[in-house]
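Subject: Structure for you to look at

Dear colleague,

I am passing on the structure we spoke about, and below it I have set out what was found. Please open it beside this message as you read.

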Amino acid sequence: MTRFTIFDYLNFDYLKRYGLEAGLFVAYVVIGRIELGVSPVDTFATLFWLPAGIALSALFLYGYRLWPVIMLACFAVHFSAGAGLMASLGMAAGETLQALGGAYFLKRYTDFDPRFAKLHDSLWLITVAFMGAAISSTIGAASMWLGGTVSAGGAGVLWSSLWIGGALGILITAPLVLKWLSSPLFKRTPLQYIELCAVIATVLATAVFVFWTSDTHFVYYLFIPLTWAALRTGPRGITLALFVAALTAMSSTIAGYGPYEGQGLYIQIFVGIMSALFLILTSIVEERKKSQALL
């Protein structure tokens, strides 16, 4: 008697072909709905719009063919959050154009390396983050106004919230995804992996101390372990460290703790400066290490 299992009914070729699309859609929708549910700014904007970084990274690494997935996912997120049909379509179009434009610009007009091996790699990504976010925020805010979701005065406030939230979302998420899905420049020893774990643990502990206690007001304590990460663990370590630090800062601010309690703009400025500064520092260190290896 022949016995069948669930694996006999699965078409693995089909899963292999469409697994990337399904994974991208699920990741975008889940993260987007969580963000709009727990940290909305002006209802349809967030402190850091992390899906923007996911979308840009996916199109850069895996091709422009994924744009319909991004558009559909963005539409699903905003429509399910209460935006009207026209507003949701506008937000989806803006997000898709932002990701497409950013990926095309990096591929066509720069020699951007997702491993962040040179200084200009970080500078190009920072530029694309703020320029691309202006595209999505303009189309998104205009569609929300034309769709009757916000007033004319509210559209201007929404534009600024969408712009800075989208730019920071790219700065936080895109380097992490791009670097960890790219091949490393240098192989790590077991001791270096232990150091990487120690760095991330220290960054997390320091971020919790800084942002989850009401007595701490010197947020730049966090720069000490981040400098360690930038100098010793390379782009992989610093991108993960920045992601952990940003999420800790965001969660504490939302919960009403820390030095930036009730001050969303200040936490955005701090995270933006922190991310840009340490991405640049890490690229400088990597460029120097590569030059030394060639010599």
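Threonine 248 lies in helix H9, residues 234-255, where helices (H or I, at least four residues) and strands (E, at least two) are DSSP runs numbered from the N terminus. This is a predicted model, in which local features need pLDDT of at least 70 and side-chain atom pairs count only at pLDDT 80 or more, while totals for chains, interfaces and linings use all residues. Residues are numbered from 1 along each chain as its sequence is written, and side-chain values use heavy atoms, with hydrogens and water left out.

Threonine 248 has a relative accessible area of 8% and is therefore buried (under 20% relative accessible area; exposed is over 50% and partly exposed in between, with a 1.4 Å probe and protein chains only). Apart from neighbours within four places in sequence, threonine 248 is in contact with Leu204, Ala207, Val208, Phe211 and Trp212, contact being heavy atoms within 4.5 Å.

H9 also packs against helix H8 (residues 223-232), at an angle of about 155° and with the axes 7 Å apart; the axes are lines fitted to C-alpha atoms, for helices over the stretch in contact, and angles run from 0 to 180 degrees between N-to-C directions. H8 and H9 are therefore roughly antiparallel, a term for angles over 145 degrees. On the H8 side Leu226, Ala229, Ala230 and Arg232 meet Gly234, Ile238, Ala241 and Leu242 of H9, and by class this contact has six nonpolar, one polar and one charged residues (Ala, Val, Leu, Ile, Met, Phe, Trp, Tyr, Cys and Pro count as nonpolar, Asp, Glu, Lys and Arg as charged, and the others, Gly among them, as polar).

The structure also holds two cavities of 30 Å³ or more, a cavity being a set of points on a 1 Å grid over the protein atoms alone where a 1.4 Å probe fits but cannot get out, with lining residues having an atom within 4 Å of a point. The largest cavity has a volume of about 120 Å³, and of its 15 lining residues Phe44, Trp49, Met91, Glu95 and Leu162 lie nearest its centre. H6 provides the largest share of that lining, four residues.

The second largest cavity, of about 30 Å³, is lined by Leu171, Ile172, Pro175, Thr239, Leu242 and Ser275.

With best wishes

Technical notes:
Angles under 35 degrees count as roughly parallel, over 145 as roughly antiparallel, 65 to 115 as roughly perpendicular and the rest as oblique. On a 1 Å grid over the protein atoms alone, a cavity is a set of points where a 1.4 Å probe fits but cannot get out, and a pocket is an open set with protein on both sides within 12 Å along at least five of seven lines; lining residues have an atom within 4 Å of a point. Grid points are joined across faces, edges and corners, and a volume is the space filled by probe spheres set on the points.
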